[in-house]
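This briefing covers a predicted model.

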Amino acid sequence: MTDNELLYLSQADVQAVGVTMAEIIESLESAFHEKGKGRVEMPPKPGIHPGGGDNFIHAMPAYIPALKSAGVKWVSGFPENYKRGLPYITGLLIYNDVETGLPLAVMDCIWITGMRTGAATAVAAKYLARPESSVVGVLGCGVQGRTNVEALNVLFPLQRVMAYDVDAQVARGYAEWMRARFDLEVVVADTPRDAVSGCDLIVTAGPILKVPHATIQSGWMDEGAFASLVDFDSYWQREAMKETDKFCTDDHAQLHYYEHAGYFQDIPPVYADLGDLVTGRKPGRETARERTMTANLGLALDDMAVAPLLYQKAVERDIGTWLPL
């Protein structure tokens with residue numbers, strides 16, 4: 001490259017680079033450690049809402065000095081895109097040189113968003129779930145349903161996945177794909193409760209909704225279970241959430257931002273964020289019977305932990321297209 005060029009990585013390029021989920025989890029844990037020490041710059045993400053409803057486009061900037069990573073992700077979520085054969089989540093990430101501010105790369109962010117979100121669940125589970133957890137329930141069998149299990153499978157001795165989706169055909173396709181990819185027992189759950197009760201780990205990964213459909217009811221989540229709310233609180237009845245012993249998030253400021261925007265109404269008090277857990281400022285799981293839960297909102301920090309991995313390996317492997325500035 002020269003000072004007058006940037007590297008463009010398409011969706012296919014990003015996947016071809018070969019960054020592993022284990023590498024992403026490790027990088028995210030390092031980034032959350034830096035955040036917990038107050039060494040990350042990351043303002044709450046502003047957003048616009050074309051078309052209204054639950055559509056959003058967010059700007060997500062962050063700077064992680066320890067990783068020499070700075071940039072912004074411009075990401076959209078349009079729940080009705082499936083009717084057009086389009087992904088729910090789309091967008092681009094700009095990765096900048098921390099010494100000059102020049103853009104080094106522009107990357108498609110579909111793969112990045114899926115992988116780093118799963119990795120953030122795994123980081124939270126490392127501190128909040130029982131280490132012997134082997135059964136995971138997934139509600140919402142899309143991209144996040146896949147990547148969250150992929151990430152949890154790195155850190156936990158997974159044996160069985162209980163998969164529920166409002167579209168039974170989607171759930172069956174998910175089960176076939178997951179069996180082939182990870183050699184796990186995957187059971188299509190007949191009801192939402194089958195993907196909650198009896199599970200050590202629970203991941204809700206439907207569309208993000210301002211008004212929760214509140215499918216998961218009180219009494220469903222077992223003692224000792226851990227839940228990751230990838231879709232905010234969309235799946236959870238208020239009383240079911242209040243049964244948790246430790247309710248966590250990935251960032252206090254952004255949770256408060258979303259509360260003011262109309263999400264997360266009447267939720268339990270926040271015990272800790274992931275920076276608190278990773279640095280040891282707050283203990284994670286302390287007993288085998290605790291119900292624990294994290295509402296990871298998806299942070300720019302996550303993306304900027306992945307961007308340098310992708311950029312460095314892409315340059316080394318001559319992947320992508322150099323474009324003039």
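A residue counts as buried when its relative accessible area is under 20%. F232, at 3% relative accessibility, is therefore buried.

**Strand β12 and its neighbours**
- Strand β12 spans residues 246-249; K246 and C248 point one way, F247 and T249 point the other way, and all are buried.
- β12 runs parallel to strand β14 (residues 292-295), and four bridges join the two. K246 stands opposite T292 of β14.
- β12 is also parallel to strand β13 (residues 270-273), with three bridges between them. F247 has V270 as its bridge partner in β13.
- A right-handed β-α-β unit is made by β12, helix α7 (residues 252-260) and β13.

**Aromatic pairs**
- The model has seven aromatic pairs.
- One of them is W177 with F182, edge-to-face at 6.2 Å centre to centre and 75° between the planes. W177 is partly exposed at 31% relative accessibility, while F182 is buried at 16%.
- F232 and Y258 have ring centres 4.8 Å apart and planes at 70°, so this pair is edge-to-face. Because F232 lies in the loop between β11 and α6 and Y258 in helix α7, the pair ties together parts 26 residues apart in sequence.
- Y258 is buried, with a relative accessible area of 4%.
- F232, Y257, Y258, Y263 and F264 are linked into a cluster by ring pairs.

**Charges over rings**
- R146 lies over the face of W177, 4.3 Å from the ring centre.
- K282 has its charged end over the ring of Y271, 5.1 Å from the centre.

Methods:
Residues are numbered from 1 along each chain as its sequence is written. This is a predicted model: local features need pLDDT of at least 70, side-chain atom pairs count only at pLDDT 80 or more; totals for chains, interfaces and linings use all residues. Side-chain values use heavy atoms; hydrogens and water are left out. Buried means under 20% relative accessible area, exposed over 50%, partly exposed in between (1.4 Å probe, protein chains only). Two strands pair if DSSP finds at least two bridges between them. A crossover is right-handed if, with the strands pointing away from the viewer, the path from the first strand over the helix to the second runs clockwise. Rings of Phe, Tyr and Trp (its six-membered ring) pair if their centres lie within 6.5 Å; planes under 30 degrees apart count as stacked, over 60 as edge-to-face and the rest as tilted. A charge sits over a ring if NZ of Lys or CZ of Arg is within 6 Å of the ring centre and within 35 degrees of the ring normal.
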